[in-house]
Amino acid sequence: LIRGIEIVDKKGKPDEKIAHKLQEELMYSGVLVRDKKHTLIFKPPIVITEEELGRGFDKISKVIKKYR
(Lines give C-alpha, C1' and ligand atoms only; values in the text may rest on other atoms or scores of the structure.)
Protein backbone atom coordinates (compact mmCIF):
# COMPACT_ATOMS: atom_id res chain seq x y z
CA LEU A 1 0.00 0.00 0.00
CA ILE A 2 1.64 3.20 -1.21
CA ARG A 3 -0.25 6.45 -1.64
CA GLY A 4 0.69 9.99 -2.49
CA ILE A 5 -0.91 13.38 -2.05
CA GLU A 6 0.09 16.12 -4.48
CA ILE A 7 0.48 19.49 -2.79
CA VAL A 8 -0.48 22.54 -4.84
CA ASP A 9 -0.88 26.22 -4.04
CA LYS A 10 -4.16 28.12 -4.26
CA LYS A 11 -3.62 28.58 -8.00
CA GLY A 12 -3.19 24.83 -8.54
CA LYS A 13 0.58 24.97 -9.09
CA PRO A 14 2.88 22.36 -7.47
CA ASP A 15 4.28 23.64 -4.16
CA GLU A 16 7.42 21.84 -2.98
CA LYS A 17 8.01 24.28 -0.11
CA ILE A 18 4.64 23.61 1.52
CA ALA A 19 4.99 19.86 0.86
CA HIS A 20 8.26 19.88 2.80
CA LYS A 21 6.72 21.86 5.69
CA LEU A 22 3.80 19.43 5.82
CA GLN A 23 6.20 16.48 5.84
CA GLU A 24 8.11 17.95 8.77
CA GLU A 25 4.94 18.63 10.77
CA LEU A 26 3.54 15.18 10.04
CA MET A 27 6.79 13.52 11.15
CA TYR A 28 6.72 15.60 14.34
CA SER A 29 3.12 14.47 15.00
CA GLY A 30 4.08 10.81 14.54
CA VAL A 31 3.04 10.17 10.93
CA LEU A 32 5.90 8.70 8.91
CA VAL A 33 5.79 10.29 5.49
CA ARG A 34 8.33 11.47 2.95
CA ASP A 35 8.16 14.23 0.42
CA LYS A 36 9.25 13.90 -3.19
CA LYS A 37 9.09 17.27 -4.89
CA HIS A 38 5.46 18.40 -4.33
CA THR A 39 4.09 14.99 -3.33
CA LEU A 40 3.74 13.48 0.14
CA ILE A 41 4.28 9.72 0.03
CA PHE A 42 2.69 7.37 2.57
CA LYS A 43 3.63 3.70 2.99
CA PRO A 44 1.72 2.30 5.99
CA PRO A 45 2.63 -1.19 7.17
CA ILE A 46 0.56 -4.09 5.85
CA VAL A 47 -0.43 -4.99 9.43
CA ILE A 48 -1.88 -1.56 10.27
CA THR A 49 -5.27 -1.67 11.98
CA GLU A 50 -8.27 0.41 10.93
CA GLU A 51 -8.02 2.29 14.21
CA GLU A 52 -4.36 3.17 13.63
CA LEU A 53 -5.13 4.18 10.05
CA GLY A 54 -7.97 6.40 11.26
CA ARG A 55 -5.72 8.12 13.81
CA GLY A 56 -3.13 8.69 11.08
CA PHE A 57 -5.71 10.21 8.73
CA ASP A 58 -6.97 12.46 11.53
CA LYS A 59 -3.43 13.78 12.09
CA ILE A 60 -2.88 14.26 8.36
CA SER A 61 -6.16 16.16 8.04
CA LYS A 62 -5.33 18.48 10.96
CA VAL A 63 -1.88 19.34 9.59
CA ILE A 64 -3.12 19.94 6.03
CA LYS A 65 -5.95 22.20 7.24
CA LYS A 66 -3.36 24.57 8.76
CA TYR A 67 -2.11 25.40 5.26
CA ARG A 68 -5.41 26.06 3.50
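1. Asp15 counts as buried because its relative accessibility is 18% (buried means under 20% relative accessible area, exposed over 50%, partly exposed in between, with a 1.4 Å probe and protein chains only). The model is predicted: local features need pLDDT of at least 70, side-chain atom pairs count only at pLDDT 80 or more, and totals for chains, interfaces and linings use all residues. Residues are numbered from 1 along each chain as its sequence is written, and side-chain values use heavy atoms, with hydrogens and water left out.

2. Asp15 sits in the loop that runs between strand S1 (3-6) and helix H1 (16-28). Helices (H or I, at least four residues) and strands (E, at least two) are DSSP runs, numbered from the N terminus.

3. Not counting residues up to four places away in sequence, Asp15 touches Ile7, Val8, Asp9 and His38 (contact means heavy atoms within 4.5 Å). Asp15 and His38 are 23 residues apart in sequence, with a C-alpha to C-alpha distance of 5.4 Å. A polar atom of the Asp15 side chain also lies 3.2 Å from the backbone nitrogen of Lys17.

4. Asp15 is one of the residues lining the second largest pocket, and Ile7, Val8 and Asp9 are also among them. That pocket holds about 250 Å³ of space. Its lining has six nonpolar, no polar and five charged residues. Here Ala, Val, Leu, Ile, Met, Phe, Trp, Tyr, Cys and Pro count as nonpolar, Asp, Glu, Lys and Arg as charged, and the others, Gly among them, as polar.

5. A pocket is an open set of points on a 1 Å grid over the protein atoms alone, where a 1.4 Å probe fits, with protein on both sides within 12 Å along at least five of seven lines; lining residues have an atom within 4 Å of a point. Grid points are joined across faces, edges and corners, and a volume is the space filled by probe spheres set on the points.

6. The largest pocket has about 560 Å³ of space. Of its 21 lining residues, Val31, Leu32, Phe42, Pro44 and Ile48 lie nearest the centre. S1, strand S3 (39-42) and helix H2 (50-65) each supply at least two lining residues, and H2 gives the most, with seven. By class the lining has 13 nonpolar, two polar and six charged residues.

7. Gln23, in helix H1, counts as buried because its relative accessibility is 13%. Leaving aside neighbours within four places in sequence, Gln23 is in contact with Val33, Arg34, Asp35 and Leu40.

Notes
Polar contact = N/O pair within 3.5 Å; in protein donor to acceptor, adjacent residues only side chain to side chain.
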